[in-house]
Amino acid sequence: MRLLTGFFLIALLLPAKLSGQQLTTGDTLQHHRVILIPYDPRYYLSDADRDIMEQSNMDAARFRANFRQTIDRNVQRAINSSYECISLLNDTADRLEQTLGEVIGHTGYRYEKAIPVTPKTGRDGGLFQSRTSDPKDHADSRTATQYIPVAEDAMYMRAIVSKPEALFTKLSEEYEADYFVFLTQMEIKTNYKSCMDIANKVYRREIMIHFTIYDKYGHLIAGSYATSYFPSNSNSAGKIMGDCFPELASYVAGCLP
């Protein structure tokens, strides 16, 4: 009788124990937090600013600031589909501005060979394009943005953090952050070898966001750039941001572990 009672109690307690373990595991998976660092405005490079200013009826300072804030906001939104993300540029907590200054003070930049990473699927089921995908498989380039595969010998702008272990340990303790995503450079360049409309001299323009990802121990997780493009006769700042930025952001977010 005592033996049967013991088995009965074990049967009652076991599901509860397993349920608790599952909840703990789920909480652990969802508890990751990312700090997003914006690119330095000095690392915005473009040969299309005159056209963008004319078509957008905006001065260069205004649309460049919009580009910086909007790509940061899009990357934050994309990361939030998997992890909680704190933007040092767009979030409003008082201490974030001080933290941004501290991070920038410890960061330098240099070009290095891109690190191969295949973006993963987000929690919401959205697929991130593989850099090995063939651009020919995409829709009409004049109506849809596309990822351009990163060449094997491609160079990207890497964020170099001095004493990363100390800085990331400090920020990890302060913000409970696991990963640090640096946006390091934005580029817009016209590819005159890729003429989309010879009669009207319409060329493909590439827009790229360079990024570096570290974990809280200072280990380099990923470093590359995401690329999309738009035609040279479509230079509305709002359209560029609306068409290209969500796709660029998804690529960056997909490179997190």
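1. The buried residues of H4 are covered by elements including E1, strand E3 (84-87), strand E4 (107-113), helix H5 (164-175) and strand E6 (179-197). This is a predicted model: local features need pLDDT of at least 70, side-chain atom pairs count only at pLDDT 80 or more, and totals for chains, interfaces and linings use all residues. Residues are numbered from 1 along each chain as its sequence is written, and side-chain values use heavy atoms, with hydrogens and water left out.

2. Helix H4 covers residues 94-105, with Leu96, Thr99, Leu100 and Val103 buried (under 20% relative accessible area; exposed is over 50%, partly exposed in between; 1.4 Å probe, protein chains only). Down the axis of H4, the buried residues fall within an arc of 105° and so line one face of the helix (the arc is that of the directions from the helix axis to the C-beta atoms). Asp94, Glu97, Gln98 and Gly105, on the other side of H4, are exposed.

3. In H5, the buried residues are Pro164, Leu167, Phe168, Leu171, Ser172 and Tyr175. They fall within an arc of 130° seen down the axis of H5, so they line one face of the helix. Ala166 and Glu173 are exposed on the other side of H5.

4. E1, E3, H4, strand E5 (155-161), E6 and strand E7 (202-215) pack against the buried residues of H5. After H5 comes Glu176, with a positive phi near 55°.

5. The protein chain has an average pLDDT (the predictor's confidence in each residue, from 0 to 100) of 81, and 76% of the residues score at least 70.

Notes: Helices (H or I, at least four residues) and strands (E, at least two) are DSSP runs, numbered from the N terminus. Contact means heavy atoms within 4.5 Å.
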